[in-house]
Amino acid sequence: MINFTVGPVQSSDAVRAIGAEQVPYFRTAEFSELMFENERLVKKFAKASDDSRVVFITGSGSAGMETAIMNTLTPADKAIIVNGGSFGHRFVELCELHEIPFTEIKLQPGKALKAEHLKEFEGNGYTTFIVNKHETSTGVHYDMQLISDFCKRNNLFLIVDCISTFLADPFDMATLGADVMITGSQKALACPPGISVMALSPKALTRIEQIKCKCQYLDLKIALKNAERGQTPWTPAVSILRQINVRLKEIDANGGVEAEIARTASLANYFRERIKGLPFEIVSESLSNAVTPLHPTTASAYDIFLKIKDEYGMWICPNGGEMKDTVFRVGHIGALTTADYDKLIDAFKDLKSKGFI
Ligand SMILES: *Cc1c(COP(=O)(O)O)cnc(C)c1O
């Protein structure tokens, strides 16, 4: 099978080899060193300030989202949430659950965030801005410069879910003034699922210090204390942290985050060029390098997903809910090559020649 979904994605051979090894004991100086190296490289690739910190939570990306809400916000806050799809909606549900007052900016699928959406919130007593930089469910990549300028003008605490865009599109945490950056191991980090990575600005660290987290397992005060010695409070997904280490070093050795973003962009561009002539429309006003969301004009998107899986041995990414039959997505993250895309294009062309699409 070739995997063109948006997570879990394909891993490099070196990452996979770690998965075959015995899990080592981890309360050691050697494992602490590995964790310090992970922290250093995440900070480097996220362009976080020197006085930022990084924690690794065992759990998928959603654990990082909930950890951020529980540790950095209180009912005294007033948040703006960009809700352009199922991941934006998850932040809405989290703020409801944790009783954080909020207003949502609801965007139709495929629509970009514009300055006009923010106007009514200017100088209105809000404290916090929450956004999924790339709303993976619809494939819309938001304008972080617009958001950053707005947050700076209004002195807002900025939480950014970068789960599918970290390492795929540019992100400069310090320059943007982002306070929490969240990513996950199974997206562009191209490791198995199970670790959520969070980078925290000094402003976030101050909030964490002052707020009582009502969940011991996800309490960032405890995680940060342990991270001072390169450890986690509870047994982490040790193998995945070792795989993340191999992957981060691979990226560093191959030209760093800029080279990795350029590699992903070139795969995305290659695919977007080659689908011209097929009965698909790109349905996002603002694309990430991580994924291409497509509306097939002649067949059900879900039926195409099933055909490609069952008859051609490849996974493209189906959409859920109302978009199940109208949109599928093709990912560009993970260990993929242009030759892989050639096989996918051949499969689409074969479906076309048979009159299926
Ligand atoms: C994948 C993803 C998540 C987290 O999903 P998990 O299944 O919990 O890893 C959150 N936000 C975005 C934008 C994502 O792409």
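This is a predicted model: local features need pLDDT of at least 70, side-chain atom pairs count only at pLDDT 80 or more; totals for chains, interfaces and linings use all residues.
Residues are numbered from 1 along each chain as its sequence is written, and side-chain values use heavy atoms, with hydrogens and water left out.

The ligand is surrounded by 13 residues, with Ser60, Ser62, Thr136, Asp161 and Lys187 as the closest; a residue is near a molecule if one of its heavy atoms lies within 4 Å of it. By class, the shell around the ligand comprises three nonpolar, seven polar and three charged residues, where Ala, Val, Leu, Ile, Met, Phe, Trp, Tyr, Cys and Pro count as nonpolar, Asp, Glu, Lys and Arg as charged, and the others, Gly among them, as polar. Helix 3 (61–72) and helix 4 (86–97) each supply at least two residues of this shell, and the largest share, three residues, comes from helix 3. Helices (H or I, at least four residues) and strands (E, at least two) are DSSP runs, numbered from the N terminus.

In the case of aspartate 161, a side-chain N or O atom is 2.6 Å from a nitrogen atom of the ligand. Taken alone, the ligand exposes 380 Å², of which the protein buries 88%; accessible areas come from the Shrake-Rupley method with a 1.4 Å probe, and for residues only the protein chains shown count as cover.

The largest nonpolar core contains 60 residues, and those with the most contacts inside it are Leu113, Phe129, Val131, Ile147, Leu158 and Met181. Such a core is a set of buried Ala, Val, Leu, Ile, Met, Phe, Trp, Tyr and Cys residues joined through side-chain atoms within 4.5 Å, with buried meaning under 20% relative accessible area, exposed over 50%, and partly exposed in between (1.4 Å probe, protein chains only). Helix 2 (residues 29–46) gives the most to this core, with seven residues. At least three residues of the core are drawn from each of domain 1 (13–253) and domain 2 (256–353), the domain bounds being those of an automatic or database domain assignment. In soluble globular proteins, nonpolar side chains tend to be buried together.

Backbone geometry was examined next. Most residues other than glycine have a negative phi, and most peptide bonds are trans. The peptide bond from glycine 7 to proline 8 is cis, with omega near -5°, and proline 8 is found in the loop between strand 1 (2–3) and helix 1 (13–19). Glutamate 99, although not a glycine, has a positive phi of about 55°; this glutamate lies in the loop between helix 4 and strand 4 (102–106) and counts as exposed because its relative accessibility is 59%. Alanine 190 also has a positive phi of about 55° without being a glycine, but this alanine is found in the loop between strand 9 (180–184) and strand 10 (195–200) and counts as buried, since its relative accessibility is 3%.

Valine 180, in strand 9, counts as buried at 0% relative accessibility, and its C-alpha atom is 5.9 Å from that of valine 160, 20 residues away in sequence. Proline 101 lies in the loop between helix 4 and strand 4 and is partly exposed, with a relative accessible area of 33%; the C-alpha atoms of proline 101 and alanine 76, 25 residues apart along the chain, are separated by 7.7 Å. Histidine 295 belongs to strand 12 (residues 291–296) and counts as partly exposed at 23% relative accessibility, while 5.0 Å separates its C-alpha atom from that of glutamate 281, 14 residues apart along the chain.

Asparagine 226 is placed in helix 9 (residues 220–227) and counts as buried, because its relative accessibility is 12%. The side chain of asparagine 226 makes a polar contact with the side chain of arginine 229 at 2.8 Å, a polar contact being a pair of N or O atoms within 3.5 Å, where, within protein, one must be able to donate a hydrogen and the other to accept it, and residues adjacent in sequence count only if both atoms are side-chain atoms.
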